[in-house]
Amino acid sequence: MEINGIAALLAVAIVAGTPLLYAAMGEVMAERSGILNLGVEGMMLVGAVSGFMVTIITGNHWIGILAAAGGGAVMAAIHAFITITLKGNQVVSGLALTIFGTGTSGFLGKNYVGMPAVDRFTPIDIPYLCDIPVLGTILFKHDAMVYLSILTAIVLWYILYRTSWGLSIRAVGENPAAADAVGISVSRVRYMATIIGGIMAGLGGAYLSLAYAPTWQESITAGRGWIAVALVIFALWNPLLAVAGSYLFGGVEALTFRIQTAGIHVSPFFLSMLPYLFTILVLVIVTIRRRQEAGVPAALGFPYDREER
Amino acid sequence: MNWRKLGIFLLMLVFAATMVVGCGDSQDNDAQAPDQSQQEEFKVGFIYIGAPGDAGWTFAHDQGRKYLEEQIPGIKTITLENVPEGADAERSIEQLVQEGCQVVIANSFGYGDPMLEVAKRYPDVSFLHCSGLSTADNVSTFFGRIYQARYLSGMIAGAMTETNKIGYAAAYAIPEVIRGINAFTLGVQAVNPDATVQVVWSNTWVDPTLEKQAAESLIAAGCDVLAQHADTPAVQQAAQDAGILSVGYNSDMRKFAPDANLTSPVWNWGPYYVRAISGIMDGTWESEAYWGGMVDGIVDLAPIADKVPTEVKDQVAAKKQEIIQGEWDVFMGPVKAQDGTVKVPEGQVMTDDEMLSMDWFVYGVEGTIE
């Protein structure tokens, strides 16, 4: 492949990785606070369908993504209520959320299936920068949602590692009892982090229905929510590493087709397997190293009960 | 006292009479009720793999259902959408029978075994299974020779390409899809022997984002006409965005890509449904494995775009007539395999069984069968 072909492939990798990036960043926030949310797929679907429907109704895709963020937030709030307030099992609640979201989105979107989007995100060529050879093609000819996702990753990283609020999130995820002792409201921090996760998953879903596809189809996410959950491990619970991981996973998705047209004989099934293989490898490496070093929140998956400390 | 005895006797007589009359009445009711429902309400149930709004496979079947309701007045149809294949389907099919459907139609391959199971329990109900393999006394299978329409759409694509590279975004490497690719390529080659058809597999029927990626990779490889065998209009939209041309599938996909779309091979299930249902209503229906062609109207080509030159349209119309008249069919020799060896010699025709199990590409296809 010549240089322009590689540039085009990398540009597609960024686009294919963006829905994963939104969802994975959101899940990083939730898991950092100790809440494992396996409902990402369901939240993405609700975000995708509410974003699409509101865009059709209002004719404006910006109002659409607000609705998508809202839809994701409502879904995450259900998970937060069950796991934080009621101290329910996080795995069960998350799985239920995925099934619930798949059903709800199919029900809501029934009359919108296959409709062309009336308004959508279209690529914006950033003046001057897009004329840079190679780099311009890769980075500066995308739609607003792509730029927004990179910006969000930086902001979330800054919040997590450079603000006291981020310190609270990490503290709650590592040792909720200690955080509680210094006066941090564990449930409030966890609620916020979980809902941020829902908003991000909603935006990731809306990226599919409003920018990439752009259409509504039942189960349009096609398992991307699960890839996002795997990506969080791959990214070692770090929003910036999630950027790299998403583009890598997106690149593999894009590569599946590029190598077919290039006449290279590799099974597409083998390529679709690769992201999961990487994830398993990372999981093995993370487990061999000490958990804390790798970034695994120590209290991940455990409900916090003040009476039990 | 006697008066009193007589009174009781008369009273008993009245009761007895009422009971007999009552029974008679209810027997009459029992006998008449099914008659009335048969005359006024013949119920047909549909099991759909998707939702009718998908602009694709299920949409085409639902158009057929509407046609059936128009053509046979008094018929009532019930639909169940998004029914998963497998064990759930058995419950859904049974549910339709319980609701009084005399015929149940299922529109996906995976409903075959559940349907045969339910059919055993209800020998008086008729079952029609689209794209299925096995029949029973009350279970028929039906499908159409969409490859005929694909050949014609290939002729149009072959005439319109400038780069001589045509892309084909295909779902799964199964005989149905391979047959479509081959028929399309034979059509392309018939009018433009220099053109090739590049195939990519998406391994999904319904995933607009993956289908769009497949389309974009074909565009990046230099294709200027795209065809598709999957159920969403994503490929059409990608062609529209890139300013190139496209051929749709399932239903007329012009509205998704008004500038790009040239035509679409389309399904037209209505006439088959009408024939089958009226046969079942008359009692003349017998179980069959139906594979209808253009002559039966079950497959067709959507209206051809204005930008296609008249002589191409005439050529396509002439070929269509030859197919309808039965003078010619797509897999009539000579047909060369991908490597150039003769697969079907001149003067021979592939049998239906050979076509239904096709697992090789014709000359002019670029790509491999995974």
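This is a predicted model: local features need pLDDT of at least 70, side-chain atom pairs count only at pLDDT 80 or more; totals for chains, interfaces and linings use all residues.
I will start with the interface. The size of an interface is often given as the accessible area lost when the parts come together. Here, chain B and chain A bury about 2,500 Å² between them. Of that area, 54% is on carbon and sulfur atoms. On the chain B side, B:Thr209, B:Gln213 and B:Glu370 lose the most area to chain A. Together these three residues account for 23% of what that side buries. In residue terms, the contact takes 29 from chain B and 29 from chain A.

Next, the pairs that cross over. The rule finds three salt bridges across the interface of chain B and chain A. One salt bridge joins the side chains of A:Lys110 and B:Glu81, at 3.4 Å from N to O.

Which elements of chain B supply at least two residues each to the side that touches chain A? They are strand 7 (196–201), helix 7 (208–220) and helix 8 (234–242). Helix 7 of chain B gives the most, with ten residues. Sorted by class, this side of chain B has eleven nonpolar, eleven polar and seven charged residues.

Now to the empty spaces. Rolling a probe the size of a water molecule over the atoms shows where empty space is left.

The largest pocket holds about 1,300 Å³ of space. Its lining is made of 40 residues. Nearest the centre of the pocket lie B:Glu85, B:Ser108, B:Phe109, B:Ser131 and B:Trp205. Several elements of chain B supply at least two lining residues each: helix 2 (57–71), strand 5 (139–144), helix 6, strand 12 (289–292) and helix 11 (352–356). By class, the pocket lining has 19 nonpolar, 13 polar and eight charged residues.

Last, the cavities. How many of 30 Å³ or more does a search of the whole structure find? It finds one. The volume of the largest cavity is about 30 Å³. Its lining consists of B:Ile146, B:Tyr147, B:Glu176, B:Arg179 and B:Gly180. Helix 5 (146–160) and helix 6 (175–191) of chain B each supply at least two of the lining residues. Helix 6 gives the most, with three. By class, the cavity lining has two nonpolar, one polar and two charged residues.

Technical notes: Residues are numbered from 1 along each chain as its sequence is written. Chains are lettered from A and ligands numbered from 1 in the order in which they are written. Side-chain values use heavy atoms; hydrogens and water are left out. On a 1 Å grid over the protein atoms alone, a cavity is a set of points where a 1.4 Å probe fits but cannot get out, and a pocket is an open set with protein on both sides within 12 Å along at least five of seven lines; lining residues have an atom within 4 Å of a point. Grid points are joined across faces, edges and corners, and a volume is the space filled by probe spheres set on the points. Helices (H or I, at least four residues) and strands (E, at least two) are DSSP runs, numbered from the N terminus. Ala, Val, Leu, Ile, Met, Phe, Trp, Tyr, Cys and Pro count as nonpolar, Asp, Glu, Lys and Arg as charged, and the others, Gly among them, as polar. Contact means heavy atoms within 4.5 Å. Buried area is the accessible area (1.4 Å probe) that two parts lose on being put together, summed over both. A salt bridge is a side-chain nitrogen of Lys or Arg within 4 Å of a carboxyl oxygen of Asp or Glu.
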